[in-house]
Amino acid sequence: MKKSRLYPFERNRYFYGKLLTVRDFESEQKYFNDKRRLLNRLLYGSGVLSGMSVVAVDDKTVSVEMGVAIDYIGREIVIPAPVTMKLSMIEGFTNNEYKKNVYLCVAYDEKGKEPVHSVGNSSVRSDEVSEYNRMLESYRLFVNEKAPAPSSFEFVRLMESVVTIFENDNVRITQRMPKYVNPGEVVDVKLVVEKTLQTPRIAFDYSIDTKGFTFVGDTDETVSFAEPGNSQDTEYELTYQLKAPLAAGGYAELGIPARDAKLVIGDTAIPIDYSAKHKIEVVEVPVAERILEDWHNRSLEQAVEGSADQSICLAKISLLQMGPTYMIEKVDRMPFDEYIENTSLLQRLFRNGGQGSSQQFYASSEAHDLEYDAKPTLDVKYHPERNEFDFKLGIPKPQHLYDEIATGTMEVALESIGKSGGFFFSRGKKNYVSDEISHGLGEGQVSIVVGLEEADESGASAGTGTKKKVYYGQIDVFTGTEFEPDIPNVTLGTIVYPEKGTFRIGMKLRDDGESSASVIAVRWWAFKSLGTAPQMAAADDDYEGGLFEAAPSSE
């Protein structure tokens, strides 16, 4: 199976006295080699099985570690020992321009070994004839200076729709999305921007035409990409989401009109020459089943010959141009994920139907306070690159008890009337009405409780400090007792203004009893109903309508 062409298998039939020729021995080898390689290709696929890591040794040299791979027609590639080579000495590397990305690849190669004298050929030729005694199943390392097209990989062709929007020697812009979708499914669309290190910053804006798809999240029919100013990456991904049609059995389309695309590289505007379009089939069955159907329906020619000349890319090497020479800046191993996973590993990863961490979703949350009368808010964003939902919840602050109670003090100076020892309010009045006082509980009905506050300094000499007492109601009930206050006997009253959130305190001196006080301190408390807003509003309406009547007097 040196070539991808498949022929019927034939094996030698041995019998006593058979004359064996070169053809018979070659047929023996070919039979076993071709059959094994066919099964390799169809059962295991292609890619690296183990090893073959590529690392930069210095600015101009790379090393490829030992390893095993299977190529695209099933041949085993073995690198038996590490290989270190200057990049400029590897086949395919050109010196025409150093500001570029290059791709280090490996391919199967056979080499003759142990030349020996050919006795049979010397009988028909007069000159010395040699033939190789062994064929070494070896490998060939070489450089490609152009990235392979994404659609050249079989697994990409089966699962994704890929369109190229723009491509030149230094920049390639593609867009990728699933080849099949289920009705109503939200799918990721990825814009992939690839560039060389020394290419100026890239900005790309384009509009989207959809047929069947609807936008999800922040996407508003326009996609914008701007390369970060301090980044040293050579590949970027921008993801947005679309929702598939609700009905199966047709196609949905996603177009990128060239007329609306704006590409800027550095300070230069680059025209987009042609429009790109995805045509996605909307299927009723699970997408995985539809992909398997394509896999099973592919012809043997597609399975065996489709990628016969394709090599395995081991690394993408980013170069910087340094005057007349180059420097290796970065090595990205296996840029196209050409791996073959061990079946035992896969069995353990997907045992019992589990999909591992790749199918798990994560969530981060953040809560913030809103005003107590605001409506709750919820903002959810999905980050597909890390399977994470970001929840931001706004919660109204509760009306705590201390928000419904307010307190304060008011002090009123008294004037003595001289030798009689009596007291009056300012300018000799026995009545006093305060200015409007804001209780701080907002509009609505409140209850006001007032009392006279007295400082008790009896314990100060004992080191206990000054204490305060507040008298509510008629304080003359304490006359003649040890609790008799040293403050004037006054009557207190209040006026409440529900629509303004304020009140007044009124006082009247009842007698001119003896007192050493020169200031009356009034402690007030305001209480607001903890009922619901509709109940409070109804209570206000009833109050204003006169439905709340005083009980008839018993006298």
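Start by selecting Glu 253 and Lys 277: their side chains meet in a salt bridge, 3.6 Å from N to O. Keep in mind as you click around that this is a predicted model. The pair links distant parts of the chain, with Glu 253 in strand E18 (residues 251-256) and Lys 277 in strand E21 (residues 276-282), 24 residues apart. Colour the two ends by accessibility and they part ways: Glu 253 counts as buried at 18% relative accessibility, while Lys 277 is exposed at 54%.

**Next stop: strand E19**

Now select residues 262-265, which make up strand E19. Which residues sit on its covered face, and which on the uncovered one? Leu 263 and Ile 265 are on the covered face, with Lys 262 and Val 264 on the uncovered one. In a regular strand, side chains alternate between the two faces of the sheet.

Bring in the neighbours. Strand E13 (residues 202-207) pairs with E19 in the antiparallel sense over four bridges, and Ile 202 has Ile 265 as its bridge partner. Then show strand E20 (residues 268-270), which is also antiparallel to E19, over three bridges. Here Ile 265 stands opposite Thr 268. E19 and E20 form a hairpin with two residues between them. Zoom in on Gly 266 in that turn, where phi is positive, about 70°.

**Into the largest core**

Select Leu 87, Val 106, Leu 314 and Ile 317. These have the most contacts inside the largest nonpolar core, a set of 38 residues. To see what builds this core, show the elements that give two or more residues to it: strands E3 (61-64), E5 (76-79), E7 (101-117), E8 (130-144), E22 (312-322) and E23 (325-333). Which of them supplies the largest share? That's E7, with seven residues.

A second, separate core has 33 residues, and Met 177, Tyr 206, Val 223 and Leu 263 are among them.

Leave aside the neighbours within four places in sequence and show the rest of its contacts: Val 62, Leu 87, Lys 100, Asn 101, Val 102, Leu 104, Ile 328, Lys 330 and Val 331.

**Follow Lys 100**

Select it with Glu 145: the two form a salt bridge, the closest N and O atoms being 2.9 Å apart. Lys 100 lies in the loop between strand E6 (83-86) and E7, and Glu 145 in the loop between E8 and helix H3 (154-159), so the pair ties together parts that are 45 residues apart in sequence. Is Lys 100 buried or exposed? Lys 100 counts as buried, at 8% relative accessibility. Glu 145, on the other hand, is partly exposed at 31%.

You'll find Met 52 in the loop between strand E1 (47-51) and strand E2 (54-56), buried at a relative accessible area of 0%.

Then jump to Met 334, another non-glycine with a positive phi, this one about 45°. Met 334 is in the loop between E23 and helix H6 (343-349), and at 2% relative accessibility it counts as buried.

**Further charged pairs**

Select Glu 436 and Arg 504, a salt bridge with the closest N and O atoms 3.5 Å apart. Glu 436 lies in the loop between strand E30 (431-433) and strand E31 (437-438), and Arg 504 in strand E35 (residues 502-509), so this pair ties together parts that are 68 residues apart in sequence. Glu 436 is partly exposed at 30%, and Arg 504 is partly exposed at 22%.

For a network, show Arg 41, Glu 154 and Arg 298, which are linked by salt bridges. The salt-bridge count for the model comes to 24.

**Last stop: the surface**

Switch to a surface view and select Ile 405, Val 449, Val 470, Tyr 472, Trp 525 and Phe 527. Together they make a nonpolar surface patch of about 450 Å². Where in the fold is Trp 525? Trp 525 sits in strand E36 (residues 519-528), and is partly exposed, with a relative accessible area of 31%.

Notes:
Residues are numbered from 1 along each chain as its sequence is written. This is a predicted model: local features need pLDDT of at least 70, side-chain atom pairs count only at pLDDT 80 or more; totals for chains, interfaces and linings use all residues. Side-chain values use heavy atoms; hydrogens and water are left out. A nonpolar core is a set of buried Ala, Val, Leu, Ile, Met, Phe, Trp, Tyr and Cys residues joined through side-chain atoms within 4.5 Å. Buried means under 20% relative accessible area, exposed over 50%, partly exposed in between (1.4 Å probe, protein chains only). Contact means heavy atoms within 4.5 Å. Patches are made of residues with over 30% relative accessible area and no salt bridge: like charges are joined within 9 Å, nonpolar side chains (Val, Leu, Ile, Met, Phe, Trp, Tyr) within 5 Å. Accessible areas come from the Shrake-Rupley method with a 1.4 Å probe; for residues, only the protein chains shown count as cover. A salt bridge is a side-chain nitrogen of Lys or Arg within 4 Å of a carboxyl oxygen of Asp or Glu. Two strands pair if DSSP finds at least two bridges between them.
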